[in-house]
Amino acid sequence: MTLTSPLDLFTAARPGALAAFNVIALEHAEAIAAAADDAKRPAVLQISENTVRYHGALAPLARACTAIAAAAPAALTVHLDHATSHELIREAVGLGISSVMYDGSALPYEENVASTAAIARWCHERGVFVEAELGEVGGKDGAHAPGVRTDPDEAVAFVAATGVDALAVAVGSSHAMHTRDARLDDDLIARLAAKVPVPLVLHGSSGVPDEGLRSAVRHGMAKVNIATRLNILMAQSVREALAADPGLSDPRKYLGRGRSAVRDEVRRLLRLLA
C-alpha cells in the first residue's frame, strides 16, 4: 500500500497509541514493517538527525524506508526525528517524508517558539505534519535536564503560538535508557491531555516498563517513540550468534538474527500499546 498520512495513523491506532520506532540500519526498517503486518497495527519508521549524521546523508536510508513502507501491507509512514536543522527538514520533505519532528527544546523559550512556528508554517504549506518538543526530555547528549517537566499552560500557549500538529512532552522519561525503571507522571500526562489540543508524544519510552507505557496511554499519551530497546535486543542477538560461531563472517547470518529479535519486540510492543 502507499504511505499513510500521519493523521490517519493516529486515527487507526485508537484507542491505543501510535507506536514509532527508530531506524538505524535497513534491518530495523524491514523488521518494523514485518512486525506491523504481524500485529495488524499501524506504525512509524523514524530516522533521527543523529542517524543521518552516522550515515553521512539522509537520502539513502530515507529512500529505503519510504520504499519499504510503501510496499508493506501495514499502514506505515516515515518520520524525521529530533531534527534541529531547518536544512535537514527541507531535505526530508523534498525526499517525500511527510512527518517531521523539529527539536528546538534546547533553545530559550521565545527562540523555540519563533523557530518552531517558522518550520510549522513552511511544512504546512507543503502538507507536512509537524511534531515539536516543549520541556526537555533527558538523555540527549547532556543538552537536556532529566528533572524538567512540561507545564500544561505553557504547552497550550506553545501549541497556539507555533501551530504544531503534535507535542513531545517531558513527563519523567529519558532517552537512551538501558534499564526499564523510569516512572512517568501520569497525573501530569492527564492534565496535559485535557488541555493540549494536539496529540501528546512520549520520547524515551525504552526506559519505561510495560505497565508504565500502558498507563501513559490510558492517561492520554497518543504516540510512543521507541529506539534503544530495539538496539539492545539487536546487539544481544548479534553477540549470541557470533559467540556461538566465532568463525562466522557472513553478515546475513548474524544481522538476520538481530532483525528477527527486533521484529519480535516490535510486534510485542505494538500489541501492548493497542
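The paragraphs below walk through this structure, from the whole chain down to a few single residues. The model is predicted, so local features are described only at pLDDT of at least 70 and side-chain atom pairs only at pLDDT 80 or more, while totals for chains, interfaces and linings use all residues. Residues are numbered from 1 along each chain as its sequence is written, and side-chain values use heavy atoms, leaving out hydrogens and water.

Let us begin with the overall fold. The protein chain holds eleven helices and eight strands, where helices (H or I, at least four residues) and strands (E, at least two) are DSSP runs numbered from the N terminus. Along the principal axes, the C-alpha atoms fill a box of roughly 60 × 40 × 35 Å. The radius of gyration, taken over C-alpha atoms, is judged by a globule rule of 2.2 Å times the number of residues to the power 0.38. For 274 residues a compact globule would come out near 19 Å, and the protein chain agrees with its 18 Å.

How much of the chain is buried? Of the 274 residues, 54% count as buried, meaning under 20% relative accessible area, with exposed over 50% and partly exposed in between (1.4 Å probe, protein chains only). Contacts are heavy atoms within 4.5 Å; among those between residues at least 6 apart in sequence, 71% join residues at least 24 apart. The protein chain also carries 27 positive and 32 negative side chains, and the centres of the two sets lie 7 Å apart. Here Lys and Arg count as positive and Asp and Glu as negative, without His and the chain ends, and each charge is placed at NZ of Lys, CZ of Arg, CG of Asp or CD of Glu.

Now to the cysteines. A disulfide is a pair of cysteine sulfur atoms within 2.5 Å, and by this rule the count is zero. C65 is in no disulfide, as the nearest cysteine sulfur, that of C123, is 18 Å away. C65 is buried, at 0% relative accessible area, and C123 likewise counts as buried at 0%.

Two more residues are worth a visit. H28 lies in helix α2 (residues 26–39) and is buried, with a relative accessible area of 3%. Leaving aside residues up to four places away in sequence, H28 touches N22, V23, N231 and M234. P73, by contrast, is exposed at 57%. P73 sits in the loop between α4 (59–71) and β3 (76–83), and its C-alpha atom is 8.5 Å from that of A36, 37 residues apart along the chain.
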